[in-house]
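Trainee: I have not seen this structure before. Could we go through it by question and answer?

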Amino acid sequence: MTAPASLYAPRPCRLLTVSGLTPQEKLFRLQLVDGSSLGHQPGQFIQLSIPGLTEAPISVANSPTRGTVFELAVRRAGRLTGALHKLAPGALIGIRGPFGRPFQLDALRGKQLLLIAGGCGLAPLRSLIQYCQDRPEEFAAVHILYGARSPADLLFKDDLAAWQRSERLDCRYTVDRIPADSCYDGETGLLPRLLSQLELDPANCSAVLVGPPPMYRPVIAELRRLGLSGERRIMLSLERQMRCGVGKCGHCSIEHLTCCSDGPVFWLEEVEALRGAL
């Protein structure tokens, strides 16, 4: 009898392509060496490892509807991600997962969706956006709202342009500030400002938020002002330093919840009262 694979044993995967997104972020396209599908759902993450270095949790940035290749958008922020940024196509790395509670698609179907991302939060949200592109019949409407610090920090610029051209998507983005030498001529201001431009049906609208902690409370306040109140109306993904990925080590605990297994996707009412959640 063959012993089952350990949850803690990384699976080898091959780096197919590397492309730049910003001066700090790159997009890595990968495939498992055995040719199988990753088997993820939008909103889940994997643990990435390179021999001799530690692991890091990275959200999957593309939809499972896009085939067996999967994509990771990674910021260079330490030894592991610095080493990853130096790898060339053909290199082998290890992954565990996918892990975590995904976006709750059953609760979103038939709704008008507000998909809201700040900074690097566009990477995990892109998996849901692509799913909505590939299954448009499942959703009433899709609004994409994205905010970044500056034009240079905008992720997935080609995707943003394509989403803006799409007849099925409404895509808007803004930046906090424009450097003097920039030729950017788009929206400026904080993310909640984009919400005030929309015509919504609050009774049939749900919001999904992914971004840095300072983004959540002002965006949630604006959503409530627009009429999104009550349970199961606002879904959010929380970033923590997940390690084991299966809720055992407690490193990513938020009071009685573990971000890696109870989350990273939560309904707002599940975490709003927890200390340090938002």
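Mentor: We can; keep in mind that the model is predicted. To begin, Phe45 and Phe99 are both buried.

Trainee: What kind of aromatic pair do Phe45 and Phe99 form?

Mentor: A pair of aromatic rings is described by the distance of the centres and the angle of the planes. For Phe45 and Phe99 the centres are 5.9 Å apart and the planes make 50°. Planes under 30 degrees apart count as stacked and those over 60 as edge-to-face. With 50° between the planes, the pair of Phe45 and Phe99 is tilted.

Trainee: How many residues apart in sequence are the parts that this pair ties together?

Mentor: Phe45 belongs to strand 3 (residues 45-49), and Phe99 to strand 6 (residues 92-99). The pair therefore links parts whose separation in sequence is 54 residues.

Trainee: How many aromatic pairs does the structure hold, and what kind is the pair of Tyr131 and Phe139?

Mentor: The structure holds two aromatic pairs. Tyr131 and Phe139 are both buried. Their ring centres are 6.3 Å apart and their planes make 75°. Planes over 60 degrees apart count as edge-to-face, and the pair of Tyr131 and Phe139 is edge-to-face.

Trainee: Is Val246 buried, partly exposed or exposed?

Mentor: Val246 sits in the loop between strand 12 (234-237) and strand 13 (253-254). Its contacts beyond four places in sequence are Leu7, Tyr8, Phe99, Cys260 and Ser261. Buried means under 20% relative accessible area, and exposed means over 50%. Because the relative accessibility of Val246 is 22%, this residue counts as partly exposed.

Trainee: Which strands are the edges of the open sheet of seven strands?

Mentor: The order of the strands in this open sheet is 10-9-8-7-11-12-15, with mixed pairing. An edge strand pairs on one side only. The edges are strand 10 (187-188) and strand 15 (265-267).

Trainee: Which residue in strand 10 stands opposite Val175?

Mentor: Strand 9 (residues 169-175) pairs with strand 10 in the parallel sense, over two bridges. The residue of strand 10 opposite Val175 is Thr188.

Trainee: What angle does helix 6 make with strand 11?

Mentor: Helix 6 (residues 213-225) packs on the sheet and touches strand 7 (112-118), strand 11 (205-210) and strand 12. The angle between the directions of helix 6 and strand 11 is about 170°.

Definitions and conventions:
Residues numbered from 1 in each chain as written. Predicted model: local features only at pLDDT ≥ 70, side-chain atom pairs only at ≥ 80, totals over all residues. Heavy atoms only, no water. Helix = DSSP H or I, 4+ residues; strand = E, 2+ residues; numbered from the N terminus. Buried < 20%, exposed > 50% of the residue type's maximum accessible area, 1.4 Å probe, protein only. Contact = heavy atoms within 4.5 Å. Phe/Tyr/Trp six-rings, centres within 6.5 Å; stacked < 30°, edge-to-face > 60°. Pairing = 2+ DSSP bridges. Axes fitted to C-alpha atoms, helices over the stretch in contact; angles between N-to-C directions.
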